[in-house]
Amino acid sequence: KAINNGLIQHCNGAVKQGKEAVVYHADQGAESQGHDVAVKVFKRITEFRGRGAYVDGDPRYFGENFRKKSEREQLELWAEKEYR
C-alpha cells in the first residue's frame, strides 16, 4: 500500500528486529518529500514467542493463566496490556 501511494519506492533489508516488530529501511518515493522511510511491521501474536511470560509477569494480570486461554483471548489480553 505504501508503494502504491508513492511513499516508498521499494523496501530494503531489515534494520532492527525485536520481539514485537521488524523495522525495514525503504527508499524514498514520490510522496515522501525526498526522505528515506522507516517501515515498522508488527509481528502476529503467534510469532511473538515470549508473549505468555510477557503478560504473566505483569502484576495487573495476576491469576490470569495466559497459556490456557484461546488464541483470541490471548490476543485480547495482550492488546489490553499494550494499551495500558
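1. A salt bridge is a side-chain nitrogen of Lys or Arg within 4 Å of a carboxyl oxygen of Asp or Glu. The structure holds one: Glu 76 pairs with Arg 72, and their closest N and O atoms are 3.4 Å apart.

2. This is a predicted model, in which local features need pLDDT of at least 70 and side-chain atom pairs count only at pLDDT 80 or more, while totals for chains, interfaces and linings use all residues. Residues are numbered from 1 along each chain as its sequence is written, and side-chain values use heavy atoms, with hydrogens and water left out.

3. The protein has two helices and three strands, in the order β-β-β-α-α along the sequence. Helices (H or I, at least four residues) and strands (E, at least two) are DSSP runs, numbered from the N terminus.

4. Arg 72 is exposed, at 62% relative accessibility, and Glu 76 is partly exposed, at 44%. Buried means under 20% relative accessible area, exposed over 50%, and partly exposed in between (1.4 Å probe, protein chains only).

5. Of the 84 residues, 25% are buried.

6. Apart from neighbours within four places in sequence, Val 55 is in contact (heavy atoms within 4.5 Å) with Tyr 61, Phe 66, Leu 77, Trp 78 and Lys 81.
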